[in-house]
Amino acid sequence: MAQINVNHLTFYYEGSSDNIFEDVSFSIDTCWKLGFIGRNGKGKTTFLNLLLGKYEYQGTIQAPAVFDYFPYQLNRRYLQACAAEFYDQLKPGSELWQVACELDKLEVDAEALYRPFATLSQGERTKVLLALLFSGDNDFLLIDEPTNHLDLEARESVKKYLAKKKGFLLVSHDRDLLDACIDHVLVLNRCSIEVQAGNFSSWQENKARADAFSLAENEKHRKEINKLAQAAKRAAQWADKSERSKIGFDPIKDPGHGGKRAYIGAKTKKMESRVKQMEKRIGKEIKEKEGLLQDIELSVDLKVSPLAHPKNVLVTAKDYGLKYAGAKGSVMQHVDFELCQGDRMFVCGKNGCGKSSLIQSILRHIRRQQTDLGQTSYPQSAMACTAHPELENSIIIQADQVLETGLIKAASSLQVSYVDQDTSYLAGTVSEFCAGRNLEESLFCAVLSQLGIERVQFSKKLEEFSEGQKKKALLAASLLTPAHLYIWDEPLNYIDLFSRIQLERLIKKYQPTMLVVEHDARFQEEIATKRLFLDARQGKDGISCSN
């Protein structure tokens, strides 16, 4: 057991005017199962890089532990090789049998170590790299968002695995994962950093109580300040009136009241003294009031403008199947569903079962239909087909590469607002982004602010945003686009916990019609009204409804 002590840490990126950390001090223990929580852009990944010694900083970080970081950076050579061939280059000192033992705990056959890494599913890749991460000894492990892009089953395996481990710092926005795996939290608040025992839910409960106390204290101080200010104003007016009463008084002409002028002066002085005492008390109350609200997360309610369509059924699939040209098997077969107004349908299934492919097929059919009618409802860049998640090197899936059977049909004149899971194409200024999507820049920036992005970020180019901030830019654009149907493909990857809760409240309030691929179990539980289950192995699908 050892401690990592951070003392008076200050850090900023070269060329930036704002500090990521400013005079920060805290201590953490290397035997803890530590969850790292904070808004997007607050510096979570930056702090991991500081621990790894990647940047220069002011202050000190005393760290007797050896650090290792997940995810490992894999070049093309690693992707083409088997993990058994390069494991010792990523984790020096580890043995292959140790990796195989850890892989067994993750419910993956050791055979995965002998297959080309690029042929593994996203879930298998994550599990192999986690097994490699934990195959060494005496390291303090820095784990950065291990469940992004993983299906529910893979997330459950990772959750069970990490729950049995210790000695790590976990950056994650998955509430179920944090509750199951951690015993301490390190929280980047708005203006401070705190360390607390417990999991996410216990911290959230304590945070709610602390915020309620701060708000009550703030209100109490505000009322006391107003009361003192009014009293001070009255006393000052009395003193001023008393002092003016001395004007025109001549003690020689009125010898019987020779002491009246002195009496008035003493009374005025006493009143002025009372005013000064009140002003001191006001200053004290203001000082005690300062800082009470600095760390409260003021989650502003978001807005969306869903459109009503004359038809109740917006998208229909009947016995639909899809296959990519040149591939051996079908991506999906016999898919049947109806998406009606008011539905919030989640497409569920393992990685590789065709969830994103189904979304892309629906978008292609809508775009083709609108092209035939001479309509456009959203920028072509937003509708561009993205890389199939199981293909390497970002291969673009074009319409002529897709072989379809059955039917997909969309209602005519359907307006769609789409959020892509890919953010790599985002570039340029905020103004250019808004112009390309016909968005009002001031409204767009207002929504970004409501999602917790500070205004200093708006002067940066989108490629300089963090991954979470990039995804928020896509979500903000979607929310500002009136639509009959909102199609979101893994919208919560890298999105912080506070913003996820904001989005849940938004969707419950406005109840837009949605088609969503998202593996956050709690988010899905909160807002889904239907679930479409795809099974790539059996070529079947199923649909279930929930209230």
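**Reading a helix face and a sheet**

Student: Which residues of helix α13 are buried?

Tutor: In this predicted model, helix α13 spans residues 441–450, and its buried residues are Phe444, Cys445, Val447 and Leu448. Buried here means under 20% relative accessible area.

Student: Where do the buried residues fall when seen down the axis of α13?

Tutor: They fall within an arc of 160°, so they line one face of the helix.

Student: What covers the buried residues of α13?

Tutor: The cover includes α12 (430–436) and α14 (467–479).

Student: Which residue just after α13 takes a positive phi?

Tutor: That is Gly452, with a phi of about 95°.

Student: Now the sheet. How do strands of a sheet pair?

Tutor: In general, strands pair through backbone hydrogen bonds, and the pairing is either parallel or antiparallel. In this structure, 3 strands form an open sheet, ordered β2-β1-β4, with antiparallel pairing.

Student: Which strands stand at the edges?

Tutor: β2 (21–29) and β4 (58–62) do; each has a single partner strand, so one side of each is left without a neighbour in the sheet. On average, neighbouring strands of this sheet are turned by 10° against each other, direction ignored.

Student: Over how many bridges do β1 and β2 pair?

Tutor: Strand β1, residues 3–11, pairs with β2 over 6 bridges in the antiparallel sense. For a position to look at, find Ile4, which stands opposite Ile28 in β2.

Student: Which helix lies across β1, β2 and β4?

Tutor: Helix α1, residues 44–51, lies across these strands and runs at about 115° to β1.

Conventions: Residues are numbered from 1 along each chain as its sequence is written. This is a predicted model: local features need pLDDT of at least 70, side-chain atom pairs count only at pLDDT 80 or more; totals for chains, interfaces and linings use all residues. Side-chain values use heavy atoms; hydrogens and water are left out. Buried means under 20% relative accessible area, exposed over 50%, partly exposed in between (1.4 Å probe, protein chains only). Helices (H or I, at least four residues) and strands (E, at least two) are DSSP runs, numbered from the N terminus. The arc is that of the directions from the helix axis to the C-beta atoms. Contact means heavy atoms within 4.5 Å. Two strands pair if DSSP finds at least two bridges between them. Axes are lines fitted to C-alpha atoms, for helices over the stretch in contact, and angles run from 0 to 180 degrees between N-to-C directions.
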